[in-house]
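Dear colleague,

I am handing over the structure below, and after it you will find my notes on a few of its parts. Please read them with the model open beside you.

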Amino acid sequence: MSERPRRIIVKDLKKTFKIYYDKGFNLKDKILFWKRNRYEIKKVLDGISFDVRQGEVIGLIGRNGCGKSTLLKLISGIYYPNGGKVIVNGRLSCLIELGAGFHPDMTGRENIYINASIFGLTKKEIDARLDKIIAFSELGNFIDVPVRTYSSGMYMRLAFSVAINVDADILLIDEILAVGDKKFQEKCYQRLEELKQNGVTIIIVTHDDNIIRSFCTRALWIKDGLIAYDGLTKETTDKYENYLEGKDEKISNAIRDAKGDEINKSNLGNITNIELLDENNCKTKIFSAFSSLKIKLHYRLNSMINVPIIGVKILDENNQVLFEDQTKIDQNKKEIILSLKNLPFKNGEYHLNSYLSAGDEYIDYHNDHAQFSIQNQQENAGLVNIKHDWR
């Protein structure tokens with residue numbers, strides 16, 4: 001029996017980002033405040049290698065900010081690596097960012113043609129699949145209204161319906177299925193099970209352990225820019241859970257040895273988790289315009305630090321900073337909550353960066369530490385919505 005072909009080959013993959021302390025966005029800022037353009041190089045992936053064969057279902061696990069989403073974007077071609085390479089053999093379909101590839105002013109039907117063409121289908125091929133895509137999405141009459149009026153769940157329905165009907169060899173999914181009602185989620189996983197049985201290669205990022213354990217045939221645990229463990233799903237998830245509970249130090253030592261036992265500034269402390277809460281203190285990723293958002297940051301300081309600071313940035317889909325604030329934290333506590341009231345943001349997807357610093361120097365920084373969406377029925381021009389009236 002011949003060996004299954006390799007659909008994805010990742011060799012010594014590296015990715016870094018420039019993290020600006022306070023970047024000027026226009027020429028005036030750059031001239032007057034030239035010192036603001038200082039930046040730090042943040043390593044996200046530090047040389048990882050693995051292969052994925054046809055029919056494998058891979059789950060990527062690890063803490064927020066470890067590089068799971070970055071890895072998917074490198075495989076899909078959204079990002080380019082700073083080192084190493086990715087080889088993809090076969091047609092690829094991806095569900096990485098909610099609404100990616102959709103034009104907000106076009107209808108759902110029109111966006112099907114746009115999105116499917118991005119995946120390589122011709123108009124004739126899309127015509128043949130159109131009714132099937134619309135039926136699976138269950139959007140009904142909403143299929144002929146502009147998608148800017150869609151909720152996050154409706155975006156997910158449309159995006160998923162297109163992605164699973166392009167006859168892809170490889171499907172990449174990043175947390176998008178966490179949006180939407182439970183009944184439709186179950187329908188999506190039933191369809192993914194069918195694709196799995198048909199030999200489609202799937203890589204999925206999710207923090208739902210039940211999905212990883214029940215659906216994936218293999219799991220990769222990413223930590224500190226390296227693969228901490230690659231193996232059968234149960235083995236990997238068990239090791240990851242033991243690590244979170246502090247029961248397995250061997251993995252940490254192996255990673256540290258692989259990186260040359262370098263002393264990293266993050267040893268001084270780090271942000272361990274972030275939670276998004278509504279005004280009733282319930283976890284959610286979907287907020288209404290002008291509602292309240294609480295950002296709960298869990299942190300750990302491993303030694304006494306002079307002026308420990310924790311900060312948060314909120315960025316839009318174009319990575320434009322819409323909000324940033326920071327505060328001094330108590331060395332003896334482990335969490336802090338930032339409360340934002342009357343969110344003025346427009347319809348769309350937003351993400352948070354968080355950081356921990358000692359004086360003027362970062363000791364921990366997380367890109368895309370958390371994501372959330374805003375649903376707002378009253379759209380206005382401009383970057384934000386401001387409560388107003390005409391008299």
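**A threonine and its helix**

With a relative accessibility of 0%, Thr236 counts as buried, a word kept here for residues under 20% relative accessible area, whereas exposed stands for over 50% and partly exposed for what lies in between (1.4 Å probe, protein chains only). Please bear in mind that this is a predicted model, in which local features need pLDDT of at least 70 and side-chain atom pairs count only at pLDDT 80 or more, while totals for chains, interfaces and linings use all residues. Residues are numbered from 1 along each chain as its sequence is written, and side-chain values use heavy atoms, with hydrogens and water left out.

Thr236 belongs to helix α8; helices (H or I, at least four residues) and strands (E, at least two) are DSSP runs numbered from the N terminus. Leaving aside neighbours within four places in sequence, Thr236 is in contact (heavy atoms within 4.5 Å) with Ile61, Ala219, Leu220, Trp221, Tyr229, Asp230 and Gly231.

The helix itself, α8, covers residues 233-244, twelve in number, and reaches 16 Å from its first C-alpha to its last, close to the 16 Å expected at 1.5 Å a residue, where the expected span is 1.5 Å times one less than the number of residues. Besides Thr236, the buried residues of α8 include Thr233, Thr237, Tyr240 and Tyr243. Seen down the axis of α8, the buried residues fall within an arc of 120°, so they line one face of the helix; the arc is taken from the directions from the helix axis to the C-beta atoms.

Strand β7 (residues 201-205) is mostly covered, with five of its five residues buried. Thr201, Ile203 and Val205 point one way from β7, and Ile202 and Ile204 point the other way. Two strands are said to pair if DSSP finds at least two bridges between them. On that basis β7 pairs in the parallel sense with β3 (residues 57-61) over four bridges, and Ile58 stands opposite Ile203. Strand β6 (residues 170-174) also runs parallel to β7, joined to it by five bridges, with Leu171 opposite Ile202.

**A five-stranded sheet**

An open sheet of five strands, with mixed pairing, has the order β11-β17-β16-β13-β14. Its edge strands, each pairing on one side only, are β11 (286-288) and β14 (321-328). Within this sheet, β16 (residues 348-358) and β17 (residues 361-375) run antiparallel and are joined by ten bridges, and Gly348 stands opposite Ile374 in β17.

With best regards
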